[in-house]
Amino acid sequence: MLLFFLFSSWNPFSGGGGESAGRRSQFPPKSLTSKKFSHSAQTSATPRHPIDPLTVGEIHRVRSILSSYEPFLGQFPAIQSMTIDEPDKSRVLGWQSGDPLPPRKAFVIGLLDNQSHLVTIDLESGRVETHEISSGSGYPMLTMEDVAAAVDAAVSYPGLEVSAAARGLSVANLSCISPSPGWFGPEEEGKRLLKVLCYSKQGTPNFYMRPLEGLVMTVDVDRREVIKFSDTGRGIPIPGGANTDYRFHPGNDPPEMNPINPISMEQPQGPSFTVTDGHLVEWANWEFHLKADQRAGFIVSRVVVRDSETGDRRSVMYKGFPSELFVPYMDVDEAWYFKSYMDAGEFGMGATAMPLVPLNDCPRNAHYMDGVFVSADGRPFIQPNMICLFERYAGDSAWRHTELTVSAGELREARAKVTLVARMASSVGNYDYTIDWEFQTDGLIKITVALSGMLMVKATVHDNMNQIENQEETGPMVSENVIGVVHDHFITFHLDMDVDGPNNTFVKVNLVKEENLEGKTPRKSYLKPVRHVAKTEEDARVKLSLYNPSEFHVVNPSRRSRLGNPSGYKVVPEANAASLLDHSDPPQLRSAFTNNQIWVTPYNRSEQWAGGLLTYQSHGDDTLDVWSHRYVTWLY
């Protein structure tokens with residue numbers, strides 16, 4: 001059973017996670033060349049599990065096969081994505097350690113002559129098994145090379161020099177970023193586009209605070225040329241750069257607060273978890289497979305928990321990962337209306353993941369994992385230390401109770417809470433997403449998404465709120481001449497639940513008020529849980545409501561406790577918000593997965609990406625919403 005669960009965070013101040021990879025002036029990383037094959041452990045790695053990611057050697061083999069493949073002999077396609085083509089789920093579930101691996105296959109998305117080629121390759125035979133040219137809308141994720149080429153074309157455009165000079169700057173004073181354009185009509189068809197915005201970097205590394213407002217260039221990525229230039233903001237001043245440097249310098253004035261003494265968590269006997277064969281994690285009563293992914297960031301698979309009474313290994317989830325992110329900004333100006341980013345499908349959460357900082361991002365005794373990814377020329381490169389595993393202890397109690405009795409006096413029991421965290425951080429333009437999967441000894445799994453980084457702001461002629469009338473701005477003033485545009489962050493997770501096996505059912509437990517109790521009790525009303533088993537996909541769509549409270553259970557009706565209750569997990573939303581955009585608005589069409597907070601669909605290995613396989617400039621014709629409405633599907 002597939003569960004798509006929506007996280008969201010309304011943010012009125014800062015520029016959204018949508019400033020993906022392509023929104024960074026320093027993307028691709030300066031060290032891209034030196035990062036290739038930098039870790040000897042990765043260059044010699046061999047797969048040990050059916051769902052292990054492609055190794056460096058396998059990526060080289062895929063490139064060799066494609067180079068001699070007849071349709072690509074004249075011109076090698078730009079490789080937008082290359083991943084392991086995982087075996088059928090039933091085959092993975094039946095595989096045991098020590099068994100021969102199923103045939104290793106690669107799934108490649110290549111771009112050639114403005115067409116997306118979907119290719120499956122058998123690595124053992126060296127044959128192309130399937131080759132399909134996509135007929136739907138949308139393009140694959142951009143590559144680092146795409147972004148760099150678009151920015152180069154923009155900074156070489158003569159009109160930019162004129163606009164910079166009108167503001168007292170030269171092109172050398174600018175940092176330019178490349179937001180994705182979304183999709184807004186037929187005039188954008190047939191070409192891959194990028195928007196390019198520029199900022200003054202004079203006096204501060206935090207150039208995001210100093211936009212050249214109203215200046216936007218549209219670049220044809222494949223032709224590498226500016227096809228539209230717009231500058232409507234020459235009368236708007238560039239905000240000042242004073243006090244915007246976010247870097248720590250010993251000579252800076254310290255913040256007005258009492259100093260904090262050093263703190264650390266010690267583990268004299270080392271960590272309690274183990275990582276074997278590069279990806280298999282064991283800790284306390286948990287086992288799971290963990291791997292980096294260029295699009296999702298990282299994927300948690302084959303999650304198993306040991307029964308605390310019998311010691312039996314019980315399956316919980318087959319696969320979980322961030323499926324898509326949607327970050328719409330609420331400003332309709334020429335330089336803002338298109339900002340409706342889909343970070344995973346447009347730029348990649350793994351592609352934008354940066355090395356984690358020991359002791360600041362992850363504590364002492366953390367274990368670090370690399371990502372092995374693919375550049376546009378089909379060659380591998382290493383994304384080092386992009387995932388960390390660590391045990392967390394913060395002085396919290398996992399369980400406690402105190403009882404005061406007349407006969408026995410005081411009874412007190414408290415147990416320390418120690419958890420295992422798998423973490424990654426994606427620096428998606430001006431915003432950083434930190435994603436944690438936290439495993440608790442009581443069987444709970446907690447997913448947390450934290451946001452940090454820089455603001456994406458809009459320059460204004462106003463330098464004080466008293467000058468603004470009738471709420472004419474699209475967000476609050478956060479500094480002189482600076483507006484923080486209202487926007488939202490939606491993160492949808494793909495959760496393939498296998499609670500005690502694949503026979504799972506989705507149950508809504510609605511809390512219903514019972515009234516009219518005259519003569520039975522002094523009470524006027526009470527709440528009663530009413531179970532409703534979802535029978536179809538439509539029946540399982542959930543819009544959360546504070547005044548219609550419910551619990552959401554994934555249960556296995558064929559596995560019962562000694563009391564007759566079905567085994568199951570409860571899905572608990574902690575924070576949510578709904579997209580208020582019109583359903584026919586192009587950004588909302590593309591991100592229609594935000595129309596509900598929970599979706600449930602039958603297992604389909606091709607339906608993983610809530611915004612569609614080919615998200616970039618897509619029309620919304622291959623989204624979770626489309627799959628769910630295609631026909632009435634019975635969930636059991």
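**Reading the largest pocket and the chain**

Modeller: Let us begin with the largest pocket, which has a volume of about 1,000 Å³. Please keep in mind that the model is predicted.

Biologist: How many residues line the largest pocket, and which of them lie nearest its centre?

Modeller: The lining comprises 43 residues, and those nearest the centre are Phe-107, Ser-606, Gln-608, Trp-609 and Leu-613. Several strands give two or more residues to this lining, among them S2 (78-84), S3 (105-112), S4 (115-122) and S5 (127-133). Strands S12 (286-293), S14 (313-328) and S26 (487-497) are also among those that give two or more.

Biologist: What classes of residue make up the lining of the largest pocket?

Modeller: The lining has 15 nonpolar, 15 polar and 13 charged residues.

Biologist: Why does the largest pocket lie between domain 1 and domain 2?

Modeller: Domain 1 (2-26 + 278-455 + 487-629) and domain 2 (46-133) both give residues to the lining, so the pocket lies between them.

Biologist: Which annotation covers residues 49-130?

Modeller: An unreviewed UniProt entry annotates these residues as "domain: Copper amine oxidase N2-terminal".

Biologist: How many helices and strands does the chain have, and what does its radius of gyration agree with?

Modeller: The chain has 10 helices and 31 strands. For 636 residues, a compact globule would have a radius of gyration near 26 Å, and the chain's value of 26 Å agrees with this. The C-alpha trace spans about 85 × 70 × 55 Å along its principal axes, and buried residues make up 52% of the chain.

Notes: Residues numbered from 1 in each chain as written. Predicted model: local features only at pLDDT ≥ 70, side-chain atom pairs only at ≥ 80, totals over all residues. Heavy atoms only, no water. UniProt positions renumbered as here; feature names shortened; annotations may be inferred. 1 Å grid on protein atoms, 1.4 Å probe; cavity = no way out; pocket = protein on both sides within 12 Å on 5 of 7 lines; lining within 4 Å. Points joined across faces, edges and corners; volume = space filled by probe spheres on them. Helix = DSSP H or I, 4+ residues; strand = E, 2+ residues; numbered from the N terminus. Nonpolar A, V, L, I, M, F, W, Y, C, P; charged D, E, K, R; others polar. Domains from an automatic or database assignment. Rg over C-alpha atoms; globule rule 2.2 N^0.38 Å. Buried < 20%, exposed > 50% of the residue type's maximum accessible area, 1.4 Å probe, protein only.
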